Amino acid sequence: MQERAARTRQAVLEAAADEFADRGYEGTSLQRVGWRAETSIGALTFHFGSKTVLAEEVRTAGRARLGCCLDELASAGDPLRELRTLIGALARLAHEDPFVRAARRLEADRPEGVPPLAEAWLPVLRDLLDRAHGAHRLRPGVSPEDAVALLAHLAEGAMAAHGGTGESAWDSVSVGDSVWDVVLHGLTVDLKGRAVPEAARGSGGP
């Protein structure tokens with residue numbers, strides 16, 4: 001009985017994540033969630049007493065999944081390479097993971113009283129840029145604070161953008177690499193402390 005209840009609860013959560021991601025808070029109904037989960041309204045409300053409670057459970061699950069992804073990122077090596085990995089991972093989660101998608105949609109619909117998802121990944125971004133600054137990898141005159149502001153906007157854009165095929169635009173090699181090359185050209189120096197030359201970006205231009 002407990003195993004069946006756990007399966008029902010998980011099915012409702014997954015159905016709710018899809019509904020909230022697609023329709024937002026106001027557009028989602030418990031009836032549609034129950035239909036999608038193939039369970040009764042009685043069973044749904046037994047586990048989640050209201051739509052508000054269900055939405056908060058979905059948001060919590062989305063934050064947890066995002067946190068697991070951040071924990072899995074490498075903590076050693078080139079911080080600039082890790083920055084690209086971080087932004088790519090955020091873009092993929094925002095596109096592919098229904099709980100993260102739902103958490104972002106719910107954050108936009110009902111932002112009051114709940115910490116934004118950015119509070120989970122911004123500290124990781126700051127740490128990587130602090131490491132790059134400490135290793136003298138940032139261009140002279142570029143402060144970590146300014147770099148955080150730039151890359152936070154890039155990360156948010158990568159999470160929001162989608163290509164015409166339905167994939168995250170950041171996952172496109174041509175888009176992701178070209179954007180990242182421009183960012184690195186503006187932020188970084190080479191190992192001898194000089195600004196990264198255009199040839200190092202592989203632009204192929206004159």
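Modeller: There are 13 salt bridges in the structure, a salt bridge being a side-chain nitrogen of Lys or Arg within 4 Å of a carboxyl oxygen of Asp or Glu. This is a predicted model, in which local features need pLDDT of at least 70 and side-chain atom pairs count only at pLDDT 80 or more, while totals for chains, interfaces and linings use all residues. Residues are numbered from 1 along each chain as its sequence is written, and side-chain values use heavy atoms, with hydrogens and water left out.

One of the pairs is glutamate 19 with arginine 23, at 3.1 Å from N to O. Both sit in helix 1 (residues 2-27), and because they are four residues apart, about one helical turn separates them. Helices here are DSSP runs (H or I, at least four residues) numbered from the N terminus. Glutamate 19 is buried, at 0% relative accessible area, whereas arginine 23 is partly exposed at 37%. Buried means under 20% relative accessible area, exposed means over 50%, and partly exposed lies in between, with a 1.4 Å probe and protein chains only.

A second pair joins arginine 36 to aspartate 22, with the closest N and O atoms 3.9 Å apart. This one links distant parts of the chain: arginine 36 belongs to helix 2 (residues 30-37) and aspartate 22 to helix 1, 14 residues apart. Both partners are partly exposed, arginine 36 with a relative accessible area of 35% and aspartate 22 with 45%.

Aspartate 78 is in the loop between helix 4 and helix 5 (79-96), and arginine 137 is in the loop between helix 7 (118-134) and helix 8 (144-160), so the bridge ties together parts 59 residues apart in sequence. Aspartate 78 counts as partly exposed at 27%, and arginine 137 is buried at 18%. Elsewhere, salt bridges with shared partners connect Asp18, Glu19, Asp22, Arg23, Arg32, Arg36 and Arg101 into one network.

Arginine 59 is a charged residue without such a partner. It is found in helix 4 (residues 51-72). Arginine 59 is buried and has no salt bridge; the nearest side chain of opposite charge, that of glutamate 56, is 4.2 Å away. For charge, Lys and Arg count as positive and Asp and Glu as negative, with His and the chain ends not counted. Leaving aside residues up to four places away in sequence, arginine 59 touches Ala103, Leu106, Glu107, Arg110 and Val114, contact meaning heavy atoms within 4.5 Å.

Arginine 59 is also part of the packing between two helices. Ala55, Val58, Arg59, Ala61, Gly62, Arg65 and Leu66 in helix 4 meet Phe99, Val100, Ala102, Ala103, Leu106 and Glu107 in helix 6. Helix 4 and helix 6 (residues 98-109) pack at about 120°, their axes 8 Å apart. Axes are lines fitted to C-alpha atoms, for helices over the stretch in contact, and angles run from 0 to 180 degrees between N-to-C directions. The two helices, helix 4 and helix 6, are therefore oblique to each other; angles under 35 degrees count as roughly parallel, over 145 as roughly antiparallel, 65 to 115 as roughly perpendicular and the rest as oblique.
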